[in-house]
Amino acid sequence: MDFDFTDDQTALRDAVARWVEKGFSFERRHAIAKAGGKTREVYAELAGLGLTGLAIPESHGGMGFGAVEAMVVMEELGRGLVNAPYAAGALVAPTLLSAAPAELRRAWLPKMAGGQVLVVLAHQERAARYRLHHVSTRATAAGSGHVLTGAKGIVPAGDEADLFIVPARLSGADTDAGGIGLFLVERGASGASVRGYPTQDGARAAELHLAATPATLITADGGALLDQAADVGNAAVCAEAVGLMDKLIAVTVEYMNTRKQFGATLATFQALRHRIADVKMQLELGRSMSYFASMKLGEPAPQRRRALSQAKVQLGQSMRFVGQQCIQLHGGIGVTDEYVGSHYFKRLAMLELAYGDTMHHLGEVSDRMQDTAGVFA
Amino acid sequence: MDLNFTADELAFRSEIHAWVAANLPKDISHKVHNALHLTRDDMQRWARILGAKGWHGYAWPKQFGGPGWNAVQRHLFEEECARAGSPRIVPFGPVMVAPVIMAFGTPEQQKRHLPGIMSGDVWWSQGYSEPGSGSDLASLKCRAERRGNSYIVNGQKTWTTLGQYGEWIFCLVRTSNEGKPQTGISFLLIDMKSPGITVRPIITMDGAHEVNEVWFDNVEVPAENLVGEENKGWNYAKFLLAHERTGIADVNRTKRELERLKRIAKAEGLYDDGRFRDQIALLEVDVVALEMLVLRVLSAEKSGKASLDVAGLLKIRGSEIQQRYTELLMLAGGPYSTPFIREAMEAGWQGDQALGGLWPGGAAHCVPLGATYFNYRKTTIYGGSNEVQRNIVAQTVLG
């Protein structure tokens, strides 16, 4: 048992932090958000650091790093409030493509590693909420391949992505766990239409409509892989939230030690001091469970799924509490668009909704409950 | 970064597991697993079994006859003991006063007191709180006046846990009124058989006699029983607090109690009730998060690379979770948590049958649940109330 970071992991963290400091100010984020949330340029800069190849095997031009390195990068991107589809393009998509036939991996993974190509998962359907296996989009055989018909929503950076990984049903009813295929769809493919829009947290998403759209099969047995990719996405969400909370608390502490009311700094009032203690509690519980999430990613599916749901229940609560309290502790300035705090708050709020909210995952923990309890249960 | 214990640590755990399984008396573990009343004999029997193995002072260095385990090994020992249903080690001797005697006591004091603490033969109590000094402990007034080769002690201590069994008591006493309150306090070891000591029970709302008042009326204490220097006692008390790291979270016992909650929820037909089950799930997440926080502290201690100052957080969270599981246990018992039958807390109580017909299927396991809920209100108050802990945490964050 060891929770220390290696020197290489610390160097990776420092490299991301240095880039944030030099290249990603709040002013830049704010300007991107005001301009509609296009972030492909930011993604390209992360590619310039080699980060888009983080999770891709060295044999395909990546760095072949693991879950802890991904966590380290996500924490720093969170701390810097970096606006880019990094988790979607560099962590989730490579997980899904790991099961693709060799020629497909050879064709796309090196370009993904280099950041020339952005691939994102397009799985959300209107009626599915957070149920990953609720898939109405249909796949039918056509010639040597397949065509897909259906609609996917809230696709991250959807109108900036080059390809989509689309879960579509090869057989069975909409809610069956089996019969889900994963397909690669090019943005410009015939019958595919994409409508983008800004998101609450200053980025973009899109609706993707598919009408007999040609698609390349990644795997016909995609349900379990989809679960795994969502777990990778959730671990990234947890880590990003830790970075966000860490920085938002630091900003709040600085404000409390500066702002005076009734002739004294806010930091001197016990009611507010106790609230900061509670905020610190949620941060450290959240950080602990973010570590837990990343370290459990390599476990067999039942343990991994349960652990990731447990982590998201903690992080979901932590990010909501820390976000809300830090805004409250600021008073009026906290609710303004010009102040950085509100942007941390909005990002935290949206992260809770990614890959299943707290209530959803609480249900998962409940369903997967065993007689034993604890980290090693 | 690796969540798993090393092969050596796992082998250590197996060794402890096997030893506890072979040596923990079944009648005692039965009581612990069912939250029944533990007698003085139960507690001391287990202390002596541990003592004979040299594990009653399981956190002690080798130099004083302890096993010299590191933080992870100590955690694994606590975990195996908790899981097997061993009684909590009464901390006042081996966990609290012994480290102070080791660090600040004279060789004579060490020779005189440490063996009896390790063996489990001598029962120690703690004399800190006073009626006027709770959270503001430094305001304590119990006086010790030097007269020749003795101190004459007058005053009152309170909340003395299991003091009715105490043979020795370590006390913070006022030896000076000069300067700040903290600088006039001394650390005295007092034989509870000394003339002038009176122990009076305090009955808590669960009907239990767990805590006491201890009165000192011109009690003569040999000056050789002063630990360290006069008026430096506050430093030793703080040292003791710093010594207590992860144990305060009590996560290992909490895991066992969570398992008990699941068993009782099943017996009461609540396990498949989604609303109740979700409450257990929420608690389970809290427990895993607390355990992860504890493991982070242990890892930091083991490697010495990063220091993690979260003792306040562990106290707050650990105690809140303890209260939450006692709350859910009582709710699981539902209406059958209502009866107040002290005898139902004793092992082998046959009242369920005696009241036969009233409780078809048996409800005896529900009867202790109300009392435990009431008893555990103490956890957020003792050891520095959670509000004082929040002050400490806030200090680390805000300055």
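# A guided reading of a two-chain model

Student: What kind of model is this, and how many residues of chain A are in contact with chain B?

Tutor: This is a predicted model. In it, 35 residues of chain A are in contact with 42 residues of chain B.

Student: Which helices of chain A supply the side that touches chain B?

Tutor: At least two residues each come from α7 (223–256), α8 (270–296), α9 (301–330) and α11 (358–367) of chain A. The most is given by α8(A), with 13 residues. Sorted by class, the side of chain A that touches chain B holds 21 nonpolar, 8 polar and 6 charged residues.

Student: Into which domains is chain A divided?

Tutor: The assignment for chain A gives domain 1 (7–114), domain 2 (119–221) and domain 3 (225–367). The centres of domain 2 and domain 3 of chain A, taken over C-alpha atoms, are separated by 30 Å. Domain 2 of chain A brings 12 residues to the contact, and domain 3 of chain A brings 12 residues. On the side of domain 2 of chain A that touches domain 3 of chain A, there are 6 nonpolar residues, 5 polar and 1 charged.

Student: How is chain B divided, and how many residues do its domains 2 and 3 bring to their contact?

Tutor: Chain B is assigned domain 1 (7–89), domain 2 (124–231) and domain 3 (245–398). Between the centres of domain 2 and domain 3 of chain B, taken over C-alpha atoms, there are 31 Å. The contact draws 6 residues from domain 2 of chain B and 7 residues from domain 3 of chain B. The residues on the domain 2 side divide into 2 nonpolar, 3 polar and 1 charged.

Student: Which residues make the contact between α5(A) and α7(A)?

Tutor: From α5(A) come A87(A), L91(A), V92(A), T95(A) and L96(A), while α7(A) contributes L225(A), Q228(A), A229(A), V232(A), G233(A) and A236(A). By class, this contact of α5(A) with α7(A) has 8 nonpolar, 3 polar and no charged residues.

Student: Are I154(A) and A157(A) buried or partly exposed?

Tutor: A residue is buried if 20 or more other C-beta atoms lie within 10 Å of its own. I154(A) has 18 C-beta neighbours inside 10 Å and so counts as partly exposed. A157(A) counts as buried because it has 24 such neighbours.

Student: Where is C326(A), and which residues is it in contact with?

Tutor: C326(A) is placed in helix α9 of chain A. It counts as buried because it has 27 C-beta neighbours inside 10 Å. Leaving aside neighbours within four places in sequence, C326(A) is in contact with L248(A), I249(A), T252(A), V279(A), G341(A) and F345(A). L248(A) is 78 residues apart from C326(A) along the chain, yet 7.2 Å separate their C-alpha atoms.

Conventions. Residues numbered from 1 in each chain as written. Chains lettered and ligands numbered in written order. Predicted model: local features only at pLDDT ≥ 70, side-chain atom pairs only at ≥ 80, totals over all residues. Contact = placed C-beta atoms within 7 Å. Helix = DSSP H or I, 4+ residues; strand = E, 2+ residues; numbered from the N terminus. Nonpolar A, V, L, I, M, F, W, Y, C, P; charged D, E, K, R; others polar. Domains from an automatic or database assignment. Buried ≥ 20, exposed ≤ 12 C-beta atoms within 10 Å, placed from the backbone.
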